[in-house]
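This report concerns the architecture of one protein chain. It begins with the overall fold and then turns to one helix, the nonpolar cores and the charged pairs.

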Amino acid sequence: MGTPDTQCAALELKMPNCLAIFLVVSALCLPSLPVWAKDKNPYKGAKGNPDRPGSSRSGALYTTQKKQPDKAERNAVFEDYRIPKEQRKNYVAEYRVPVSLGGSNAYSNIEALLKTQAKTKHQVQKQLEEKLKRKEIRLDEAQLRILNWQADPLSVRVTTP
């Protein structure tokens, strides 16, 4: 065994090594952002934006919202609606209440429509956005009308002979 003095001396020699190893391991375990994530920080306020070339929003806070569901969400919606893969080219997945009318990006706000139905719904959406911009209707009314777009008078085309 050894005398208490030699035990203390051995312990003192090991202490700096343990501390150095601890600091190196701690530094390696700290979470750090990947290099590519630093350029896409929407809060940094730098001139230009990687998503919008030529934009000059110097010092402005810039964030984006999804305007349409991504591919994984579309596939999940088609699965939920039980649309066969060979028929999916005839359908689109989009938000029930569009983001432009105050809708959310939540999965529960996504629906599958035939492309012909979607075209009619987009026309109603555009008219509602214009009415909302001119302050002819309120946002809650626009949202209700886009949810009931098939029964809305804007979606019915009246043709005169």
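The sections below describe the predicted model shown above.

**Overall organisation**

The protein chain contains five helices and two strands, arranged along the sequence in the pattern α-α-α-β-β-α-α. Of its 161 residues, 22% count as buried. The chain exposes about 12,600 Å², with carbon and sulfur atoms supplying 58% of that area. Among contacts with a separation of 6 or more, 46% are made by residues 24 or more positions apart.

**Helix H4**

Helix H4 spans residues 115-133, 19 residues in total, and reaches 27 Å from its first C-alpha to its last, close to the 27 Å expected at 1.5 Å a residue. Its buried positions are Ala118, Lys121, Val124, Gln125 and Leu128. Viewed down the axis of H4, the buried residues fall within an arc of 125 degrees, so they line one face of the helix. The other side of H4 carries the exposed residues Thr116, Lys119, Lys126 and Lys133. The cover over the buried residues of H4 includes strand S1 (91-95), strand S2 (110-114) and helix H5 (139-147).

In soluble globular proteins, nonpolar side chains tend to be buried together. The largest nonpolar core in this model has 10 residues: Val97, Leu101, Leu113, Ala118, Val124, Leu128, Ile137, Ala142, Ile146 and Trp149. The elements giving two or more residues to this core are H4 and H5, and H4 gives the most, with three residues. Apart from it lies another core of eight residues, including Val77, Ile83, Val99 and Ile110.

**Salt bridges**

Side chains of opposite charge can pair when their charged atoms come close. The structure holds eight salt bridges.

| Lysine 121 | Glutamate 111 | 2.7 Å |

In the salt bridge between lysine 121 and glutamate 111, lysine 121 lies in helix H4 and glutamate 111 in strand S2, so the pair ties together parts that are 10 residues apart in sequence. Both lysine 121 and glutamate 111 are buried. These two residues also belong to a network of salt bridges that links Glu94, Arg96, Glu111 and Lys121.

Which loop holds lysine 135? Lysine 135 lies between H4 and H5, just after H4. Although lysine 135 is not a glycine, its phi is positive, at about 65 degrees. Lysine 135 is exposed, with a relative accessible area of 73%.

Arginine 82 sits in the loop between helix H3 (71-80) and S1. Arginine 82 is not a glycine either, yet it has a positive phi of about 55 degrees. The residue is exposed, with a relative accessible area of 74%.

Technical notes:
Residues are numbered from 1 along each chain as its sequence is written. This is a predicted model: local features need pLDDT of at least 70, side-chain atom pairs count only at pLDDT 80 or more; totals for chains, interfaces and linings use all residues. Side-chain values use heavy atoms; hydrogens and water are left out. Helices (H or I, at least four residues) and strands (E, at least two) are DSSP runs, numbered from the N terminus. The expected span of a helix is 1.5 Å times one less than its number of residues. Buried means under 20% relative accessible area, exposed over 50%, partly exposed in between (1.4 Å probe, protein chains only). The arc is that of the directions from the helix axis to the C-beta atoms. Contact means heavy atoms within 4.5 Å. A nonpolar core is a set of buried Ala, Val, Leu, Ile, Met, Phe, Trp, Tyr and Cys residues joined through side-chain atoms within 4.5 Å. Accessible areas come from the Shrake-Rupley method with a 1.4 Å probe; for residues, only the protein chains shown count as cover. A salt bridge is a side-chain nitrogen of Lys or Arg within 4 Å of a carboxyl oxygen of Asp or Glu.
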